[in-house]
Amino acid sequence: MANKAVFFDRDGTLNVDIHYLHRPEDFVWIPGAREAVKYVNDHGYLAILITNQSGVARGYYPESDVLKVYDWMNAELAKIDAHLDDIRYCPHHPEAALPEYRKACACRKPQPGMVEDMCRKYALDKSQCYFVGDSDKDMECAARAGIRGLHYTSGSLLPLVQANIR
């Protein structure tokens, strides 16, 4: 089993960020995102999706929709022999409309809880892990978790991944 991983943010990193994306038919891949996941797979890293999903807390969609999009992503990635190994998502928000999701938690980025959970689950060597994301919160999460952050800003995602992950 690999003891290294690349954590990918979802919205704005793997897909075009539309607010509260929860349907596969609304998903649009960022250029080079599928190929970046394949590159990670081919180089022996686990590819793990880490995403805040406050739309659940706001009552816009159920948690099952988050997993439905994840499953759809993996079906699309399979077409190029790529895959995401796992997902962690935070459905919480301190100002949630739904009381069961209203809390400040250790898993909502920039808190490192989701990354820490995956590091424990897979016995990851943090010195061999990266977090690819598009926001300051993603980079702060990486720093708090003690892993290297790769800040995606625009264009194809693949060159950023190739230039930093060997």
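This note goes through the sheet, the helix packing, the salt bridges and some backbone details of the model.

1. **Basis.** The model is predicted; local features need pLDDT of at least 70, side-chain atom pairs count only at pLDDT 80 or more, and totals for chains, interfaces and linings use all residues. Residues are numbered from 1 along each chain as its sequence is written, and side-chain values use heavy atoms, with hydrogens and water left out.

2. **Sheet order.** An open sheet is built from 5 strands, in the order β3-β2-β1-β4-β5. The pairing is parallel. Helices (H or I, at least four residues) and strands (E, at least two) are DSSP runs, numbered from the N terminus. Two strands pair if DSSP finds at least two bridges between them.

3. The edge strands are β3 (86–90) and β5 (148–151). Each has a single partner strand, so one side of each lacks a neighbour in the sheet. On average, neighbouring strands are turned by 20° against each other, direction ignored. The axes behind this angle are lines fitted to C-alpha atoms, for helices over the stretch in contact; angles run from 0 to 180 degrees between N-to-C directions.

4. **The β2–β3 pair.** Strand β2 (residues 46–52) is joined to β3 by 5 bridges. The two run parallel. T51 stands opposite Y89 in β3.

5. **Helix α1.** Which residues of α1 are buried? They are A33, A36, V37, Y39, V40 and N41. Buried means under 20% relative accessible area, exposed over 50%, and partly exposed in between (1.4 Å probe, protein chains only). These buried residues of α1 pack against β1, β2, α3 and α6 (157–164). Contact here means heavy atoms within 4.5 Å. G44 follows α1 and has a positive phi, near 80°.

6. **G133.** This glycine lies in strand β4 (residues 130–133). G133 counts as buried because its relative accessibility is 0%. Apart from its neighbours within four places in sequence, G133 is in contact with D9, T13, D138, M139, L150, H151 and Y152. P159 is 26 residues from G133 along the chain, and their C-alpha atoms are separated by 14 Å.

7. **Nonpolar surface patch.** V16, I18 and V28 form a nonpolar patch on the surface. Together they have about 210 Å² of accessible area. Patches are made of residues with over 30% relative accessible area and no salt bridge; like charges are joined within 9 Å, nonpolar side chains (Val, Leu, Ile, Met, Phe, Trp, Tyr) within 5 Å. Areas come from the Shrake-Rupley method with a 1.4 Å probe, and for residues only the protein chains shown count as cover. I18 is in the loop between β1 (5–8) and α1 (33–42). At 33% relative accessibility, I18 counts as partly exposed.

8. **Salt bridges.** How many salt bridges are there? The count comes to 13, where a salt bridge is a side-chain nitrogen of Lys or Arg within 4 Å of a carboxyl oxygen of Asp or Glu. D86, R88, D117 and K121 are linked in a network of them.

9. **Individual pairs.** R23 bridges to E25, with the closest N and O atoms 3.6 Å apart. R23 is partly exposed at 37%; E25 is exposed at 58%. K68 bridges to D65, also with the closest N and O atoms 3.6 Å apart. Both lie in helix α3 (residues 63–78), 3 residues apart, so about one helical turn separates them. K68 is partly exposed at 46%, whereas D65 is buried at 11%. E76 pairs with K79, the closest N and O atoms being 2.9 Å apart. E76 counts as buried at 18% relative accessibility, and K79 is exposed at 63%.

10. **Backbone points to check.** The peptide bond from K109 to P110 is cis, with omega near 20°. P110 lies in the loop between β3 and α4 (113–121). D81 is a residue other than glycine with a positive phi, near 60°. D81 sits in the loop between α3 and β3 and is exposed at 63% relative accessible area. A123, likewise not glycine, has a positive phi near 50°. A123 is in the loop between α4 and β4 and is exposed at 56%.
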